[in-house]
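Take a moment with the sequence and the fold before reading on.

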Amino acid sequence: MFRIRLAAAIAALVTCVAAGPGPGAPQRSVITCTNTASGTTWTIDIDYARSTVDGIPADIDAGEIYWKDPKDLRNYTLDRKTGKLTVIAASSTGGSMWFNRCRVP
């Protein structure tokens with residue numbers, strides 16, 4: 001009985017992942033972000049079909065996109081509704097946070 005339930009759960013998960021973001025939804029989006037303190041701008045590449053941001057694995061849901069850069073170990077959270085991008089960097093002195101704004105389509 002457990003194996004049947006497990007197989008059904010795996011099949012449902014594979015179906016959801018294979019379906020991607022849904023018909024009519026963008027498969028990929030390149031958006032511009034701005035540091036609200038310095039005015040510095042840069043772009044991030046969000047691939048919804050592969051669940052990545054700039055090639056880094058990301059958790060993408062209807063409200064947020066979250067990823068952790070393995071190079072600098074910073075945590076990024078993008079609010080998909082408001083465009084607020086929060087960057088958290090841990091350090092031995094307590095870490096720091098940066099607040100940015102992105103133009104989300």
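Thr52 is buried, because its relative accessible area is 14%; buried means under 20%, exposed over 50%, and partly exposed in between, with a 1.4 Å probe and protein chains only. This is a predicted model, where local features need pLDDT of at least 70, side-chain atom pairs count only at pLDDT 80 or more, and totals for chains, interfaces and linings use all residues. Residues are numbered from 1 along each chain as its sequence is written, and side-chain values use heavy atoms, leaving out hydrogens and water.

What does Thr52 touch, not counting residues up to four places away in sequence? Its contacts (heavy atoms within 4.5 Å) are Asp45, Ile46, Asp47, Pro57, Ala58 and Ile60. Thr52 belongs to strand E3, residues 52–53. Strands (E, at least two residues) are DSSP runs, numbered from the N terminus.

Now step back to the barrel. It is closed and has 8 strands, in the order E1-E2-E3-E4-E5-E6-E7-E8, with antiparallel pairing. Two strands pair if DSSP finds at least two bridges between them. Take strand E5 (residues 64–68) and strand E6 (residues 75–79): they form an antiparallel pair over 5 bridges. Within E6, Thr77 stands opposite Tyr66.

Strand E2 (41–47) and strand E8 (96–102) each give at least two residues to the lining of the second largest pocket. Which residues lie nearest the centre of this pocket? They are Trp42, Asp69, Arg74, Tyr76 and Val87, out of 13 lining residues. A pocket is an open set of points on a 1 Å grid over the protein atoms alone, with protein on both sides within 12 Å along at least five of seven lines; lining residues have an atom within 4 Å of a point.

Terms used. Helix = DSSP H or I, 4+ residues; strand = E, 2+ residues; numbered from the N terminus. 1 Å grid on protein atoms, 1.4 Å probe; cavity = no way out; pocket = protein on both sides within 12 Å on 5 of 7 lines; lining within 4 Å.
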